[in-house]
Structures are given as C-alpha cells and as structure tokens.
Amino acid sequence: MGLNLKKADTAIRIGEVRFSYANVFVPKKNEDGDGEAKYSCQILIPKSNKEALKLIEEATTAAAEKGKEIKWNGKLPAMLKKPLRDGAEKEDDDPVYEGMMFLNCSNRRKPGVQVLDDGMRYEANEDDFYSGCWGAVTLEFYPYDHKGNKGVGVSLGNCIKLRDDDRLGGGGESVDSSFADLD
C-alpha cells in the first residue's frame, strides 16, 4: 500500500505518521484564546520516511512560490517560516520526538477521520483515534502573511488510523482495561 502520494503541487497524502495533540473531533481555540476555534493536529514523521519528507519539502516549495506571486510582491521573504521542524531541536527532550520530524496543521473544516482495521474502514470516534496512534493524513500547504510573519502553513485534511500505539499525553487506560478481571 503506497501511503505517500502527491495529489497536487501543494496537496499531499503522507503516512505512516504518528498523530499528536489530535484535536480532530472538537475544534479548539489556541492557547491565548484568540481567533477562531479550529481542528488541529501535530504530525510526527519518522526521519526514515524519506519519501514523505520529500513530498513535504516539494509542497512547501510550491506554496512558497505561490506566495511569491500572490502574497510577497514577487520575492521570497528573507525570514520565511517553514512548517517542517526537527524533533531533535525540541527544547523539552521528549523521547516521542526522537528520530522524528514534525509539523503542525489546522483547519476550520472538520476532517474526515476513519480507522482501517482488518481491511474494513469505518468512521472513527474519540476512543478509536487518539494522540499516539499511527496512520496517514492529507495536507494542503499555503502561503501566509499575518501580522508581519510570512511563511508556509499547513491545512489539516483527512486522517485515517492504521495502527495503535501508546497514548500520548496521559490519556489513561480504557474502562475495559480497568475492569478486565471482572465479569
């Protein structure tokens, strides 16, 4: 199954990625409480997934070129902010980021969220899809110029869970696990 796919110059599908800070069921406002509530997610990409990283770089470049035409008066900004970051540069030394690149994405539109399990796809709920699971995601890259900040942002598209892993962020154990010994 080929998870990585270029859909358009600025639109891609990548996988296998790990989802973190997954706010895909209920929109949230940013930490300051400013602005509109959005659906959002942090996407962790293993550094070994060279094909996905190449697609991200190509989509970022295409969005920057588009920004040159429509946002930045024909030239790239000297301090262009790019979305992809190296997990090794995170300040908190969280082991989850070891060997990972990551980017943040958001959208006002609710993403479609599914689970692929034993060849069957179904709509996910909050128990199925969580921070820490692995899957694939569609992303759209776009140029922005907001309050003096110029760069390339990422719009969250649809998500599909392909496999489980430890929950991130202390999600706790399931009710089934808590009472597995009781009939």
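This is a predicted model: local features need pLDDT of at least 70, side-chain atom pairs count only at pLDDT 80 or more; totals for chains, interfaces and linings use all residues.
Local features were taken at pLDDT of at least 70 and side-chain atom pairs at pLDDT 80 or more, while totals for chains, interfaces and linings use all residues. Residues are numbered from 1 along each chain as its sequence is written, and side-chain values use heavy atoms, without hydrogens and water.

Helices (H or I, at least four residues) and strands (E, at least two) are DSSP runs, numbered from the N terminus. Strand β1 (residues 5-8) and strand β2 (residues 11-28) run antiparallel and are joined by three bridges; two strands pair if DSSP finds at least two bridges between them. Two residues separate β1 from β2 in a hairpin. Within this pairing, lysine 6 lies opposite isoleucine 12 of β2.

Helix α1 covers residues 50-70. Its 21 residues should span 30 Å at 1.5 Å a residue, and the end C-alpha atoms are 30 Å apart, so the two values agree. The expected span is 1.5 Å times one less than the number of residues. Buried residues (under 20% relative accessible area, 1.4 Å probe, protein chains only) of α1 include Ala52, Leu53, Leu55 and Ile56. The buried residues of α1 pack against β1, β2, β3 (38-46), β5 (100-107), β8 (134-146) and β9 (149-163), where contact means heavy atoms within 4.5 Å.

A disulfide is a pair of cysteine sulfur atoms within 2.5 Å, and the count by this rule is zero. The cysteine sulfur closest to that of cysteine 41 belongs to cysteine 105, and because it is 5.5 Å away it is too far for a bond. Cysteine 41 is buried, at 3% relative accessible area, and cysteine 105 is buried at 3% relative accessibility.

Definitions and conventions: Buried means under 20% relative accessible area, exposed over 50%, partly exposed in between (1.4 Å probe, protein chains only).
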